[in-house]
Amino acid sequence: MKNTAQVVVIGGGVVGCSVLYHLTKMGWSDVMLLERSELTSGSTWHAAGGFHTLNSDTNMAALQGYTIRLYRELEEITGMSCGLHHVGGVTLAADQDRLDMLKAERAKHRYMGLETEIIGPEEIARLAPVTNVDGILGGLYDPLDGHLDPSGTTHAYAKAARMAGATIVTHCMVTATTPRGDGTWDVVTDKGNVHAEHVVNAAGLWVREVAAMAGLYLPLHPMEHQYIVTDDLPEVYERGSEHPHVMDPAGESYLRQEGRGLCIGFYEQNCRPWAVNGTPWSFGHELLPDDLDKIEDSIAFAYKRFPVLERAGVKSVIHGPFTFAPDGNPLVGPVPGMRGYWSACAVMAGFSQGGGVGKALAEWMVEGEPENDIFAMDVARFGGWTGPDWTRLKVTENYQRRFSISYPNEELPVGRPLETTPAYGLWDAQRAVFGSGYGMEHVNYFAPEGEARLEDPTFRRSNAFDTVGAECRAVREAVGINEIHNFGKYLVTGPNAVEWLNRIMANRVPEVGRIALTAMLSRKGKIIGDFTMMRLGFETVQLTASYSALDFHMRWFQEHQKSGVSLRNITKERLGFQIAGPNARAVLGAVAGVDVSREAIPFLSVRQLAVGHIPVTVARVSYTGDLGYEIYCARDHQIALYQALSSAGQDLGMKPFGMRAMMSLRLEKSFGSWMREYRPDYTPAETGLDRFMSFKKNDFIGRDAAMRLRDTPPDRHLTTLLVEADDADVVGYEPIFDGEAVVGFCTSGGYAHHAGKSVAIGFLPVNQIADGAVFDIEILGQRRRAVVHPTPLFDPEALRMRG
Ligand SMILES: Cc1cc2nc3c(=O)[nH]c(=O)nc-3n(C[C@H](O)[C@H](O)[C@H](O)COP(=O)(O)OP(=O)(O)OC[C@H]3O[C@@H](n4cnc5c(N)ncnc54)[C@H](O)[C@@H]3O)c2cc1C
């Protein structure tokens, strides 16, 4: 066995083989895959082999589309068969909410180029006659759905990789992975050691064990899963063509033809995490004992939906484990803080997603970044706040919800509260309805006395609509207060701090006492952050950005570390509040006891003050777009600061507000937000973030690419539209129509309560963006008139914000 390789991939399941193939496809041939047994010896060999594109995250759906189209390429390259059956599939809707969700998915597919369609019960009965369509309102038909041979496909990936120079060693157990001082790795195996520049953990069921070899925890857990194959059924084999797939979310089942019978699998409520204390190394090419009791209820439901099953004999039961991350998406990419260590884990749908995972990871390794934004499966979307118990609970919740409707305003209850700040109790006492992001609780809104402290999950306007409206008006008409704990905050200090930031960020670091907004760009000029830089001192800058991107940003900072610069994540040390609205200055003046006039603290300035005996940093910015201040303090001072602000605000009409109001307020200023308007799929020139860049300063990362985009202006740009909505507003990814042509899509939207308008932000062709231009936006299957309104609805001259 060779003892050096540029890359060692650990694990020869469908994912490891796909990674290996894609590395060779991108031109790396000194790549090696180590498999402790035969290829496919983990989850892969017993998979049902189904594939589909449906995924509520558009980029994941696109990646699934890529995977499915790849199989023909593999067959052509290798001459092997993947056993493809492109039979199409239908997802059933047994209630209005499910139909709404499928319509929303169909709407997204319009601009993704996926040819899905909504069909009625008669058409479903015609296409998939084993289905009892009583009570079915419709369904989403996807011609790309199908199934394949899991083992044949995995071997096809492996053969294609070998043909391009890759080495595969089976019966080779990795027992240790040890980093060297220079960032390379010694991979220790029972057949000798391999020295590698990169290690990829694709160990499937054994990811936890392999990660532990590097002192690492990855948040995933295996779950047991079962499907049944029936005896031959004349209703199936006497048809002239193969029966399509049928997903029945109400019955938590998926069904397809298998040979001359059917195969049906279940995501049962009565589910069971597997191997809680670790996957035994002795587990091999084996199945778990049948457990039909566990899926008894699901089977009973399936008999009603697919009556033919009741008469069918059981040919075999497949019961095996496979792994999930807490949100069900894979964990992919460079592991933060571990040079040369890559994750290709928690791929729960290896045959829908494995190709895309391999492609994205190979691009990242070879070219430094994936072609498309894959934040939805980036390993950095989880941080150090995860742990085995929390992960197991969330994975179980996710399994149970596999076929549940995901509402845009939904907050999942399990494993919460996990992280809170001292202010949590203050909000709780004021009837806060909490949400959670990146493990941290935040207030969504405050429920009035007599109303339930629960927001109804819905695609339409929720029961919180009026309450959120009142919170918005309190800000615009007097002053509102909310917490600023859910920003990521970093302190950059040292003699080279400013020089370093000028290289990392696209805008110029401001003068001492000033604030600058800035884009952070990838090497290819894509947006990987929208930051606020506050120059606290000559060698000291505080950065703030999205909370959910903490590990994503820290990984980038660490990758670009430089001597003479100290960077600290101070997110949990520096807490505080923002106050915003016409009375905000009066509140600050009352507590600060110093001149807080426009001249003393102008817009985009930062000051170190004291509120009583509490030292605070006051930044004259507000994401509400109003006259406002962010006031940062030490964690221990948070309650005292709140007391001071709330007593000063009492006579000035101060009211607390939550994130729902915040997002409504930012809409009427057309402010973009992270992962909606600003994400690695988009460039500054398309989104308007280029106004927060300085091409005149020194070189910065992504400058050349950004210059090229500046010189060749993009075809599309973000703009704001006012929507003639009814009881449902834009959420994101709705298509924008000009007549019958899809010309753009929404990035976000909602109801701007103070302006009293339904608002959408979205991409349109530059030559069609004109004040008053009329389009249609499809919301829940209905076309809504939408008129371009390029100027902010609130304070278009920014007189209040800057005043
Ligand atoms: C019953 C069932 C039905 C399923 N149906 C479908 C379906 O219809 N469609 C679909 O897309 N997905 C399905 N899946 C999920 C699918 O099986 C997984 O998504 C996929 O197999 C994951 O592949 P993997 O390569 O990540 O992991 P694995 O297949 O687990 O591969 C990991 C490999 O790593 C090797 N390995 C581990 N540790 C070491 C070590 N220390 N040294 C060397 N090698 C090591 C293992 O031996 C193993 O071969 C199903 C799963 C189950 C259980």
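S13 and S14 form a hairpin with four residues between them, and Glu-252 in the turn has a positive phi of about 50°. Strands here are DSSP runs of E, at least two residues long, numbered from the N terminus; two of them pair if DSSP finds at least two bridges between them. This is a predicted model, in which local features need pLDDT of at least 70, side-chain atom pairs count only at pLDDT 80 or more, and totals for chains, interfaces and linings use all residues. Residues are numbered from 1 along each chain as its sequence is written, and side-chain values use heavy atoms, with hydrogens and water left out.

S13 (residues 245-248) pairs with S14 in the antiparallel sense over three bridges, with Asp-248 opposite Ser-253.

On to S12 (residues 221-230): ten of its ten residues are buried, so the strand is largely enclosed by the rest of the structure. Both faces are covered, with His-221, Met-223, His-225, Tyr-227 and Val-229 on one side and Pro-222, Glu-224, Gln-226, Ile-228 and Thr-230 on the other. Four bridges join S12 to S15 in antiparallel fashion, Val-229 being partnered with Cys-263. S12 pairs with S16 (residues 314-324) too, antiparallel over ten bridges, and Met-223 stands opposite Phe-322.

Terms used: Buried < 20%, exposed > 50% of the residue type's maximum accessible area, 1.4 Å probe, protein only.
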